Amino acid sequence: MIKVVKKVLIMEETMTKQNNHRGFSSKFGFMMAAVGSAVGLGNLWAFPYKVGNNGGAAFIFIYIIMAMLVGIVAMAGELLIGKRSQSNVVDTFAGITPKSKWIGYLGIIVPFFILCYYPIIGGWSLKYAWDYISGTGVGAVGVEDYGAVFSGFIASPQAAIFLAIFLAFVFIIVLFGVKKGIEKASKILMPLLFVCLIIVIIYGLTLEGSIKGVEFILKPDFSKVTGNTVLTALGQVFFSMSLGMGINIAYGSYMGKNMKVGHSAIMVGVMDTCMALLAGLAIFPAVFSFGLKPAEGPGLLFIVLAEVFGAIGGVGGRVFGAIFFILVIVAAVTSCIALLEVPVQFIVEKFHINRKLASVCVAGAAFGIGAFVSLSFGVTQLQIAGSNLLDLIDAITNKMLLPICAFATCMLVGWYIKPKNLADTFDTEKPIAKFGFMAWSFLVKFVTPLGIAIIFGFGLYDLFTGAVKEFPTIEGQIAIVVGAAILLVLAIAINLTTYLYDKHKIKPLKGAELTK
Ligand code: PHE
C-alpha cells in the first residue's frame, strides 16, 4: 500500500516537473477543478427533479444524447481555444480576431454577475450546516414551519454575513493561484463531495419506502417524453456544464500539453452527469420515504430536505443534515472559484497587477453587489418589475447571455477558425482521437450551434408567453431583455474602443498560426 502511494507521489512529482507551465500541474488536478466547476446547484436541485418529472430513465437517455451532441462539443470548443491561446478569455478572442473581443468581455461580465448571486445560496447552505452542527435554528428541536424558518432567514441581514464568510473561502482559494489554490482545493473538495454523497445515498436507501424515490428518478416512462423534454434536457446540459461563459476557456488556458481536450470534455460530461444522478439518489429516496412531495430549486434543499432531517430527528437528523449541507457548500465553492478565477485571470494578465489585489477587487465588488441582492429579500424589500434581484440577474445571465456567448463561440470555432486548423491542439494521434475530431468538427459547425439557437428561441418564447413562473408579467420580461441588452452593449462598446485603440497592436492569427 505504502509503495503504491509512494509511486503515485513520485509520478505526480515528475509530471509536475515535466509540466512546468503556469497552469494545472496534473491531469487529475485539472479534471477535479473542471468537474468542480460543472458540479453545482444545477446537479443537486434541478437535474434530479427534471428527471423525475420528465420520464425518468427516458429523460436520462435524452439528456445523455444532448450532452454528447451539444454539451461535450461546445465544451471541447471552449477548452480548445483556451488551450491554444494560453491566455485570458478576452485575449483568447482577440487572438482569433479583434472583432470578436466582445464575446470575451461577455465571457468576463457573465461569470462576474453570476458571482454576485450564486454565493448567496452558498451562504444559506453555510448557515444550515452550522445550524445542524450547533443544534440551533433549523437544527433545533421542535421546528414546525420550515418554510417560515427559511424565508425568515434569507430576509435577515444575517444572510449577508454568511455570504461574506462563504465568499471569503472562495477568495482565499483563488488568492493562492491555479496550482496551489484551485487545483489543491479541488483535489481535496471533490473527493469529499463524493464521499458525502455516498454516505447520504446509503442512508437514504436504508429508509423504509425509499424505493419510491428511486422509481421517481429511474423508472422509464416514455409517455412523458415530448418535444419539450428534449428542450428541457438541452437547457439543463447547458447550465450544468457551465457553458457559454469564460470558465472552460480560462481552465483550458491552464491545461498542460499532456492534457487532451476531447478526452477531458468527455470525462467532465460523464462525471457531471453521474454526480447529478447520484444527487437524485441521495435526495429523493429520503423525501419519498417521509411522504413528502418532491420540489425543485431552493425549496427542495432548504425546505423539503430540512423537513426530512427534522423528521429523522435527534443526533441522526443533525448529522445527516450537516453532511448534506457540507456537500452543498463544497459543490457551490468549487463552482464559485471558477467564476472568480475568470475575471481575476483577465485583470492579472491585462493590467499586470498582482493576483492578491485582483482577487480582492473582484471578490469585494461581488460581495458589495451580492450583499445588496441578499438584503433586498428583507431589509430593503427591493424588487425590480415585480421580481426579486436574484431571479432577475439569474435570468439575464442564464436565459440570455449564456446562449448568446456559447452560440458565438461555436460559430467562431466552426466557421471562422475552422476545425481543421485546430487539429494539433485537439491531439489527433490515435485513430480513435482522429475519429473523435472528425465527429467534433461536424457537430461544432452544424449541430451544436443549431441546438443552442433552438433552446434560445424556445426560451424566449416561454418567457414571453408567461410560461416562466418567476416572470409572469411583461414588466419582468422587459427588465430581463433590457438588463441583457445593457450588458451586451457594454461588452460591444468596450470591444469597439479597444479595437480602435489597439488596432495596430493585436494582429489576428491566421491559418497555420492558429494551430500553435
Ligand atoms: N454548472 C453549475 C451547476 O450545475 C452551475 C454554474 C453555472 C456554476 C455557471 C457556475 C457558473 O450548478
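Let me start with two helices, α7 and α15, whose axes come within 11 Å and cross at roughly 10°, where helices are DSSP runs of H or I with at least four residues, numbered from the N terminus, and axes are lines fitted to C-alpha atoms over the stretch in contact, with angles running from 0 to 180 degrees between N-to-C directions. This is a predicted model, in which local features need pLDDT of at least 70 and side-chain atom pairs count only at pLDDT 80 or more, while totals for chains, interfaces and linings use all residues. Residues are numbered from 1 along each chain as its sequence is written, and side-chain values use heavy atoms, with hydrogens and water left out.

Two packed helices are described by the angle between their axes and the distance between the axes. The helices α7 and α15 are therefore roughly parallel to each other, a label for angles under 35 degrees. On the α7 side the contact (heavy atoms within 4.5 Å) is made by Ile-121, Trp-124, Ser-125, Tyr-128 and Tyr-132, and on the α15 side by Pro-298, Phe-302, Ala-306 and Phe-309. By class, that contact has eight nonpolar, one polar and no charged residues, with Ala, Val, Leu, Ile, Met, Phe, Trp, Tyr, Cys and Pro counted as nonpolar, Asp, Glu, Lys and Arg as charged, and the others, Gly among them, as polar.

Turning to the rings, the count comes to 32 aromatic pairs, where rings of Phe, Tyr and Trp (its six-membered ring) pair if their centres lie within 6.5 Å, and planes under 30 degrees apart are stacked, over 60 edge-to-face and the rest tilted. One of these is the edge-to-face pair of Trp-124 and Phe-302, at 5.6 Å centre to centre with 85° between the planes. Because Trp-124 lies in α7 (residues 118-134) and Phe-302 in α15 (residues 298-312), the pair ties together parts that are 178 residues apart in sequence. Both Trp-124 and Phe-302 are buried, meaning under 20% relative accessible area, with exposed over 50% and partly exposed in between, for a 1.4 Å probe and protein chains only. Both rings also belong to one aromatic cluster, whose members include Tyr-128, Phe-150 and Phe-377.

Finally, the backbone: most residues other than glycine have a negative phi. Which way does phi go at Ser-242? Ser-242 has a positive phi of about 50° although it is not a glycine, and Ser-242 lies in the loop between α12 and α13, buried at 7% relative accessible area. His-352 likewise has a positive phi of about 50°, in the loop between α16 and α17, but His-352 counts as exposed, at 68% relative accessibility.

Note on methods. Parallel < 35°, antiparallel > 145°, perpendicular 65-115°, else oblique.
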